[in-house]
Amino acid sequence: GKKRTEARPVKAITLDGKLDDPDWRDIPFQEVGEIAMGQAPSETHFRIGYDKEGLWIAFRGKVASAGELENIKPVGRDGTAWRQENMELVIDPIGTRRLYYHFIINPVANSTLDRRFGYHEAPDHPLYQNFEWNWNGKWDYAVHVDKARQQWTAELRLPFKTLEVNRPNPGDVWTMNIGRNQYPKDAKSPVAYLWSPNIQSRTFHDMSVFGELVFR
């Protein structure tokens, strides 16, 4: 079934990718499993906070060997970020499951993709039911690679202005999903993870299975 998580108020997060700010400690991690609901090879977790200006997302992805994180090449903005180890966020700040923003980050600086879907609702619009690839939002992220622990961590900062919504009130519900692609050393294809999965569709873009994000 669909998952549910909370966004809790945070005050003093430093955007450094390290997840060591005291405010994070009170927010439990959510586990992200294998997209086909099998056993995921490496642990993946996230947690979400928010302040007056926007959303904060903390992400942690373990790897089977530190070598997986050695050859990550920055792809710049709107490059092929999905072709290497990544975290993906699909988020619908209206909660109607008709439109969403899509963000991808790699475990290296200057390596992202952002676009949105469903924001042109007139059937005669060329982007109707299509991705708006040239959409660029104002947002930030930082990553920290820890080879000793065989993991990478990240913090994303998504202003409410970028998501074109006002600051949510406690009790408001958005819908969202968090995915990850992992590229283990000898695997023939990447391993896909999804927080709120659907064994039928096996895609990050199935809005019907987005989990709920409840603001506290």
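E132 lies in strand β10 (residues 131-132), where strands are DSSP runs (E) of at least two residues, numbered from the N terminus. The model is predicted, so local features need pLDDT of at least 70 and side-chain atom pairs count only at pLDDT 80 or more, while totals for chains, interfaces and linings use all residues. Residues are numbered from 1 along each chain as its sequence is written, and side-chain values use heavy atoms, with hydrogens and water left out.

E132 is buried, with a relative accessible area of 11%, buried meaning under 20% with a 1.4 Å probe and protein chains only. The side chains of E132 and H120 are joined by a polar contact of 3.2 Å, that is, a pair of N or O atoms within 3.5 Å, one able to donate a hydrogen and the other to accept it; residues adjacent in sequence count only if both atoms are side-chain atoms.

Contacts (heavy atoms within 4.5 Å) are listed below, not counting residues up to four places away in sequence.

| Residue | Touches |
|---|---|
| E132 | R115, R116, Y119, H120, L127 |
| I91 | L55, Y100, Y101, F103, L163, W174, T175, M176, L213 |

In the largest nonpolar core, of 35 residues, L55 and I91 touch the most other members; such a core is a set of buried Ala, Val, Leu, Ile, Met, Phe, Trp, Tyr and Cys residues joined through side-chain atoms within 4.5 Å. Strand β12 gives this core its largest share, four residues. A second, separate core of seven residues includes V10, I13, W24 and W56.

Key: Buried < 20%, exposed > 50% of the residue type's maximum accessible area, 1.4 Å probe, protein only.
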